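Here are some notes to read beside the sequence and the coordinates.

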Amino acid sequence: MTAAERRASGALASIFALRMLGLFLVLPVFALEASRLPGGDDAARVGLAMGLYGLTQALLQIPFGLAADRLGRKPVIIAGLLLFALGSALAAWAPDLTWLTIGRALQGAGAISAAVTAFLADVTRDGVRTKAMAVVGASIALMFALSLALAPPLAAWIGLSGIFVLTCALALLGIAVVIWVAPPEPPRPQPRAQRRDSGMREVLRHAGLLRLNLGVFVLHAVQLAMWMAVPALLLQAGLAQIDHWLVYLPAVLASLLVMGGVLFPMERRGHLRAVFLAAIGLILLVQLALWWLVAPGGALPGLWSLGLLLFVFFIGFNTLEASQPSLVSKLAPTHARGAALGVYNTLQSIGFFLGGALGGWLVQAHGPGGLFAVCAAAMLVWLLLAWPMQVPASKRSGRA
């Protein structure tokens, strides 16, 4: 990567990181803390509040992606971060679960993922884009790990409302990074009106993009659904909520080391498809193992087994998080890159929403075993549909 590419990757990764830190700080403690609010005794409603962020993201990712293609990346990113900050402030004030749900919905209205990812694709060459996307993915994973360590003591110190205040401040800091740190947008030729329309049609008819869109939907549905059950399993294993980071943090950090040592060398050797499919398979095995461990009549899983399974899960998750957006940007027509990433992030957000909403319902209706069985089935379907995938050849020079 050139110096300019490193600067761009670092700045845009920091925007993602600040926003995602705010989101992830809520994730490990939301189900437990929200249950203390009026209306929080209904696990299905808590799951809906947790996942509704994803629904509003899903509704606005494509409009934000199209706007980023037409109005520029930076204005759209700033507008989205302002909406996210406003939703965080509302959630901080929320006196009951209903208002908390509304705040989460407004947070999701700041749907900037497509704009930021398209911006990164604009300023990196095709041959180094997976590495640039991995910088973003690693920053997100590190924020996730940091949030797992910070969220329980923060919840004990400032409560859920205080975490949302902090989330609002992080979003405003992200705006400062966009304005003063992120590089200028490169000039892009403006497509003709008819080409804009055909670009969206190309995106929606492209088999490779459809396969990746399905994948990101399943990945994030499974990820969020797991967190409707995993914190309770850790509590049952004897680990207090404030100490959950002792399992999460080592699992995430160790998985990043494994991903970095495997993904980039294998991609250079032309084996990205094998790594991609193996990552899906690892998450499938984790869901099956969790289902087996919580089966009726079995012993409750211990801390070591949960920690090992989370480590394997994050190897697969981080590998897919780094490789999928890069593949989307390579497969998408250049003039419709924002639209393609908007569709991709829409399916990601729908997965996030359904993972929370259905995850809460599954735990309430069928217990953790039912939840992990459904997650395993979803991963198996994805693995079968992903099997025919083809990885596009990298261009050696020029901007992709």
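How much space lies in the largest cavity? The answer is about 450 Å³, and the points below begin from there.

1. Basis of the remarks. This is a predicted model, in which local features need pLDDT of at least 70 and side-chain atom pairs count only at pLDDT 80 or more, while totals for chains, interfaces and linings use all residues. Residues are numbered from 1 along each chain as its sequence is written, and side-chain values use heavy atoms, with hydrogens and water left out.

2. Cavities. A search of the whole structure finds 3 cavities of 30 Å³ or more, a cavity being a set of points on a 1 Å grid over the protein atoms alone where a 1.4 Å probe fits but cannot get out. Grid points are joined across faces, edges and corners, and the volume is the space filled by probe spheres set on the points.

3. Lining of the largest cavity. The lining holds 30 residues, and those nearest the centre of the cavity are Met 20, Ile 140, His 220, Glu 321 and Gln 348; a lining residue has an atom within 4 Å of a point. Helix α1 gives the largest share of this lining, 7 residues, and at least two residues each come from α1 (3-34), α2 (43-71), α5 (113-122), α6, α8 (207-226), α12 (303-331) and α13 (337-386). Helices here are DSSP runs (H or I, at least four residues), numbered from the N terminus.

4. Nonpolar core. The largest nonpolar core has 132 residues, and within it Phe 30 and Phe 276 touch the most other members; helix α6 (residues 129-180) contributes the largest share of this core, 22 residues. Such a core is a set of buried Ala, Val, Leu, Ile, Met, Phe, Trp, Tyr and Cys residues joined through side-chain atoms within 4.5 Å, and buried means under 20% relative accessible area, exposed over 50%, and partly exposed in between (1.4 Å probe, protein chains only). Leaving aside neighbours within four places in sequence, Phe 30 is in contact (heavy atoms within 4.5 Å) with Ser 35, Val 46, Ala 49, Met 50, Leu 100, Arg 104, Leu 160 and Phe 164.

5. Aromatic pairs. Rings of Phe, Tyr and Trp (its six-membered ring) pair if their centres lie within 6.5 Å, with planes under 30 degrees apart counted as stacked, over 60 as edge-to-face and the rest as tilted; by this rule the count comes to 8 aromatic pairs. Trp 227 and Tyr 248 make a tilted pair, 5.8 Å centre to centre with 35° between the planes. Trp 227 lies in the loop between α8 and α9 (230-236) and Tyr 248 in helix α10 (residues 245-268), so this pair ties together parts that are 21 residues apart in sequence. Both of these residues, Trp 227 and Tyr 248, are buried. The rings of Phe 276 and Trp 382 have centres 6.3 Å apart and planes at 85°, so the pair is edge-to-face. Because Phe 276 lies in helix α11 (residues 272-293) and Trp 382 in helix α13, that pair ties together parts 106 residues apart in sequence; both Phe 276 and Trp 382 are buried. Ring pairs also link Trp 227, Tyr 248, Phe 313, Phe 314 and Phe 317 into a cluster.

6. Ser 255, in helix α10, is buried with a relative accessible area of 0% and, with the same exclusion of residues up to four places away, touches Phe 311, Phe 314, Ile 315 and Asn 318.

7. Leu 166 lies in helix α6 and counts as partly exposed at 32% relative accessibility. His 206, in the loop between α7 (193-205) and α8, is partly exposed with a relative accessible area of 27%, and its C-alpha atom is separated by 9.9 Å from that of Ala 340, 134 residues apart along the chain. Arg 268, in helix α10, counts as exposed at 62% relative accessibility.

Terms used. On a 1 Å grid over the protein atoms alone, a cavity is a set of points where a 1.4 Å probe fits but cannot get out, and a pocket is an open set with protein on both sides within 12 Å along at least five of seven lines; lining residues have an atom within 4 Å of a point.
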